[in-house]
Amino acid sequence: MGHGHHHHHGDPSEIGEKRLWWAVGANILLTLAQVIGGIISGSLSLIADALHNFSDAASLLIALIAIRIGRKPPDQFKTFGYKRAETIAALINLTTLIIIGLYLCYEAIMRFITPEPIAGWTIVIVAGIALVVDILTALLTYSQSKNSMNMRAAFLHNLTDALASVGVIIAGTLILLYGWVWTDAAMTLLIAGYVLYHGLHEIPKVIHLLMEGTPEGIAIEDVISGMETQGGVQNVHHVHIWQLDEKRNALEAHVVIDDQGRMDEIKRELKQILKDRFSIEHSTLEFEHQKCFEMNNQRKETQQC
């Protein structure tokens with residue numbers, strides 16, 4: 001494809017990967033600490049937070065693997081390249097986020113039905129440590145989350161976990177001060193609700209891309225009218241617009257022109273319009289002469305003549 005794949009020291013992608021590895025290590029250690037703390041204290045919200053932390057580590061690993069796969073250049077098996085690996089990773093991570101949210105709802109409801117004794121101090125101390133790690137991990141992934149569904153899904157795992165740690169600390173404090181054991185289950189429900197909200201909000205965008213939906217902010221009728229204003233273009237039809245990945249939009253269309261001799265010139269001009277006005281850099285245009293188009297319309301056919 002003519003693109004060099006040389007990574008130098010200080011390359012943002014390499015720095016980003018190092019940050020992710022640090023985040024994975026921190027989350028694995030934190031998960032172990034929270035599981036131990038949850039078992040000792042008897043806190044469901046702390047174990048729930050540990051489960052979510054484990055999913056954070058898994059989500060970051062999936063994100064890292066997807067980034068590596070996404071760098072592979074196009075080949076005979078994947079002619080558009082492997083960049084959609086990151087979109088698939090986002091789908092996996094968001095799906096697990098939703099499953100975890102549903103599981104936490106179930107566990108919280110069961111804890112309301114059958115309350116258990118909880119050691120408040122253990123919850124507060126372990127959750128306090130978790131909060132520090134969660135904030136650092138979220139900061140490590142924040143900058144990359146702005147431009148990548150894959151990294152945004154991983155960041156959401158970490159952000160919701162930081163908020164979960166805050167919730168666990170509040171629950172532990174209320175148990176210490178007032179003996180309100182029910183706050184542990186109540187906080188778990190709040191955490192689950194927040195997790196489900198983010199998962200359900202983000203996953204349609206990922207599915208839309210995988211289903212080759214029209215990119216956000218692009219209206220097909222605007223693209224058609226923009227192309228038809230070009231001199232020599234009589235009609236544009238059979239238009240399909242989709243995303244190859246988060247950064248690249250693609251289009252294919254049939255273009256009816258009145259002068260076959262200007263076809264190459266019109267093609268260049270249309271491709272420039274598509275690139276400049278609609279951020280469509282990959283376009284496939286099939287040209288038809290106006291007379292041929294009119295004849296085919298009368299016969300209800302689309303074959304070339």
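1. How many helices and strands does the protein have? In this predicted model, where local features need pLDDT of at least 70, side-chain atom pairs count only at pLDDT 80 or more and totals for chains, interfaces and linings use all residues, the protein has 9 helices and 3 strands. Helices (H or I, at least four residues) and strands (E, at least two) are DSSP runs, numbered from the N terminus, and the order of elements from that end is α-α-α-α-α-α-α-β-β-α-β-α.

2. On the protein as a whole, 44% of the 305 residues are buried, that is, under 20% relative accessible area with a 1.4 Å probe and protein chains only. The accessible surface, computed by the Shrake-Rupley method with a 1.4 Å probe, comes to about 16100 Å², and carbon and sulfur atoms hold 64% of that surface. Of the contacts (heavy atoms within 4.5 Å) with a separation of 6 or more, 72% are between residues 24 or more positions apart.

3. Asp 245 deserves a separate point: Asp 245 sits in the loop between strand E1 (233-243) and strand E2 (249-257), and it is buried, with a relative accessible area of 3%. Beyond its neighbours within four places in sequence, Asp 245 is in contact with Lys 83 and Leu 209.

4. The side chain of Asp 245 also has polar partners within its own stretch of sequence. A polar atom of this side chain lies 2.8 Å from the backbone nitrogen of Lys 247, and a polar contact (a pair of N or O atoms within 3.5 Å, one able to donate a hydrogen and the other to accept it, with residues adjacent in sequence counting only if both atoms are side-chain atoms) of 2.8 Å joins the side chains of Asp 245 and Arg 248.

5. On conventions, residues are numbered from 1 along each chain as its sequence is written, and side-chain values use heavy atoms, with hydrogens and water left out.

Note on methods. Buried means under 20% relative accessible area, exposed over 50%, partly exposed in between (1.4 Å probe, protein chains only).
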